[in-house]
Amino acid sequence: MAEGIVTTHEHAAHHAALQHHFENMEQQREAGTLGMWVFLVTEIMFFGGMFLAYTLYRFQYPVAFATASNHLDIKLGAINTGVLIVSSFTMAMAVYTTQVGKRRASIWCLILRMILGAAFLGIKAVEYYEKYRDHLIPGHLIPGNPFNPDIHALHLPVGVRLGNVELFYWIYFAMTGMHALHMIIGLGIMTWLTINAWRGKYSPEYFAPVEVSGLYWHFVDIIWIFLFPLLYLLGRHLEGHIG
Amino acid sequence: MEEFVIPKPPRTNYLNAEYGLKSWLLTKDHKRIGLLYLGAVSFYFFIGSLYAMMIRLELLTPQGDLMQSSTYNKTFTQHGIVMVFFFLIPAIPATLGNFLIPMMIGAKDLAFPRINLLSWYIYMIGGVITIYALLAGGVDTGWTFYVPYSTTFSNSYVIATGVGIFINGFSSILTGLNFIVTVHTMRAPGMTWYRLPLFVWSHYATSLIMILGTPVVAITILLVALERLAHIGIFDPAAGGDPVLFQHLFWFYSHPAVYIMVLPAMGVVSELIANFSRKNIFGYKFVAYSSLAIAVLGFLVWGHHLFVASQSVYAGMIFSFLSFAVAIPSAIKTFNWTATLYKGSISYDTPMLYALGFIGLFTIGGMTGLFLASLGTDIHVSDTYFIVAHFHYIMVGGTLLAYLGGLHYWWPKISGRMYPEGWARFSALVVFVGFNLTFAPQFLLGYMGMPRRYHTYPVELPSWQVLHVLSTAGASILGFGLMIPLIYLAWSLRYGRIAAANPWNLPGLEWQTASPPPTENFLTTPIVTHEAYEFAPPEHKEVVGKFEKQAPAET
Amino acid sequence: MSAHIVQPRTYIVIFLALMVGTALTVMAAFYDFPGPLNVVVALTIACIKATLVVLYFMHVRYSGRLVWLVIVAALLWLAILFAITFSDYWTRHWLAPLGI
């Protein structure tokens, strides 16, 4: 990688998108890509703290966590996983079509990606509503609707504390909520990207913003790839014979 | 020694290239952004000092006569929050780092100038929110926000302060991100990694810490705020949560954070020692790698803040061993600085005075850290004034002194003016005396058992009051000493002697352009062909065995 | 441009692999493996899926050493956070019989 070694040259005609503190488009693209990767490192550590809390408490309260997890809607969770994977695919295709100059196709890929992202959030909203309806939102986060689930509907085994179930739901909302927030931000970025693509700003010479935004989106997908089994699937093999 | 002629300073430099408020508030120039930060951090330092003054005034007498304990709790909390998050962490990186790193590597700007400006705005927004929280009623949890007090029992503005700090954390992250990408991708031709000034190495290491650590405290503060809102959470024992988990997550960042505060200072000191001895730094690679080692090892020791917090003793032993280990790279730097001074051509200008002060005071602060790394002694002095003295020796005696030294050293580059040397040396001396008088007694107080965060102490122990009075007297002297540079630096902007491009006559890349520099830093992209701190021309170097010996350069 | 252009065929293959992986992990979740293996199976599948996304969708397979280094550093730091925190939680009870 031509790391930082650039040649000086006369102020020749340059790409319209070249920022003046860079020597050439290659340096600009490398800097942008590295910058996004460094930012993703911060995101890994950010979510890492919550994964740590999840891991610790899951080891401490395995039955409570399994019980609570089994009450999540596995169908919606699985559909959402599929939706995100398809959206990652369309994002990768958006980068490809931009790299080969197929502007129309790239715009369709980006739009499709946004629709899928919105679908994910819609399904998530349905899930959250179900939790709200079942009084599973922890503590008094929603004033007037404290944590007060039907113990029989939960299939809560004897001896398992409801407080530990509430702990699971705290982690569930914190992690999926933070993930959803990142998706909303991603949608915002994609809107901006789509508008720019429609205006013809991107080309085989200048596709870095598409690629860099793609990195962010794939990362959000990866977080969900881990969230889905850890939150939704952890107790399924015990369903029916706990409690 | 130089391959190209230093161009005459153009009349247009980064200060007068554009006028008007908008040209400053919407600037993309890293130098102007550095100055925006300079103003902001100075303001926060002033606020933090006001709180410090109140603390010292209260402790003059054994009784709690100046303020109630609840007010005192808010005072020391806010002193800590403002000083740590809004002064110590951004001070050197965001002012001097922003200003100098592109120049030191021969670039026109940082990799992401707009993100640089954004990080300043984020810093200001976080600061305004925090100031609002302080004015609205304050926060009394200690800057460490321990649960369950902060989540459940405190009646103060925890969430607002938390939000302010959370937002401010992004400023830190973006600055670190910018530095890392810049150093990797924007070095001038010939500027290899081993030719980088040590200032750049230490800021690179600092940026690694910012990137890897800050997000963890961000999520921790967020979880605390949410717990306060929901009245239950993952740190709540009622739900089966563990308050000590908060401490693990908090200190995972906050211990490396102290290295965010000290590594840039060490970078400044490396520059000052080498340049004011007119001698290449002894063991350049050792100093460079020790910056990285501090960054890495600094992440492995956070449990030493939990020795008395019911952490497992076995984990405590691991952390204790690693805490001893992290002292080693710092010691390597100290030895190398001292070896650099040996047979150097030392000039006792103000920046050098601050650097020498740093070496002495940082050594004391660091060595007292070893008492704290040792499990047995830590239990005795934990939560006493010994700890307070330890970290103030490093943060004030270390970071603040290095910051002042760097500010004076690069003042001609920043402003085009020289500061008055006589007044500067005088105030350096006053600061040094005042600082030691403030904090040395606190080691004794802590050892004798005076707890930290207490606004009263027993009347029956007159020796304690003597020590407290000395400490307060020292604080007054320190405060006086710190106000003098404020005055003469401002004065110098208008009336100071106009500086040449390279007033100290030094080989660093930042000195090979005008003072103040043009907006694009260099009129032509420099091509670097010599090592950092090369004072003697290559023909003066003799190779003795494996080591190069430089003959002392002519001044 | 030195950027490597990944062909759509590669993306399609990876996409299918990810969907298969998702189906597998759901099916495996209902099967009662002995001991703690359920978690191991789930995490293994998740790690493989994540690796595919990183290598191909995020182009790391075609990127320079620096990007690899950045990813390794992030994972290493996560490991540090987990491992040393666990060193506390897993050893807290070792002295319990002594009443400490």
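This is a predicted model: local features need pLDDT of at least 70, side-chain atom pairs count only at pLDDT 80 or more; totals for chains, interfaces and linings use all residues.
The contact between chain A and chain B takes 38 residues from chain A and 37 residues from chain B. On the side of chain A that touches chain B, at least two residues each are supplied by α1 (25-60) and α6 (162-198) of chain A. The most is given by α1(A), with 18 residues. By class, this side of chain A comprises 20 nonpolar, 14 polar and four charged residues.

Chain B is also in contact with chain C, through 14 residues of chain B and 12 residues of chain C. The side of chain C that touches chain B consists of seven nonpolar, three polar and two charged residues.

Chain A and chain C are linked by a helix pair. The axes of helix α3 (residues 74-99) of chain A and helix α1 (residues 8-30) of chain C come within 10 Å and cross at roughly 170 degrees. Angles over 145 degrees count as roughly antiparallel, and α3(A) and α1(C) are therefore roughly antiparallel to each other. From α3(A), the contact is made by Ala78(A), Thr81(A), Gly82(A), Ile85(A), Phe89(A), Ala92(A), Met93(A) and Tyr96(A). The residues contributed by α1(C) are Pro8(C), Tyr11(C), Phe15(C), Leu18(C), Met19(C), Thr22(C) and Val26(C). Sorted by class, the contact of α3(A) with α1(C) has 12 nonpolar and three polar residues, and no charged residues.

Within chain B, Gly416(B) is placed in the loop between α15 (411-415) and α16 (421-448). A residue is buried if 20 or more other C-beta atoms lie within 10 Å of its own; Gly416(B) has 23 other C-beta atoms within 10 Å and is therefore buried. Not counting residues up to four places away in sequence, Gly416(B) touches Ile498(B), Ala499(B), Ser515(B) and Pro516(B).

Chain C is divided into two parts, domain 1 (1-62) and domain 2 (64-93). The C-alpha centres of domain 1 and domain 2 of chain C lie 22 Å apart.

Conventions:
Residues are numbered from 1 along each chain as its sequence is written. Chains are lettered from A and ligands numbered from 1 in the order in which they are written. Two residues are in contact if their C-beta atoms, placed from the backbone, lie within 7 Å. Ala, Val, Leu, Ile, Met, Phe, Trp, Tyr, Cys and Pro count as nonpolar, Asp, Glu, Lys and Arg as charged, and the others, Gly among them, as polar. Helices (H or I, at least four residues) and strands (E, at least two) are DSSP runs, numbered from the N terminus. A residue is buried if 20 or more other C-beta atoms lie within 10 Å of its own, exposed if 12 or fewer, and partly exposed in between; C-beta atoms are placed from the backbone. Axes are lines fitted to C-alpha atoms, for helices over the stretch in contact, and angles run from 0 to 180 degrees between N-to-C directions. Angles under 35 degrees count as roughly parallel, over 145 as roughly antiparallel, 65 to 115 as roughly perpendicular and the rest as oblique. Domain bounds come from an automatic or database domain assignment.
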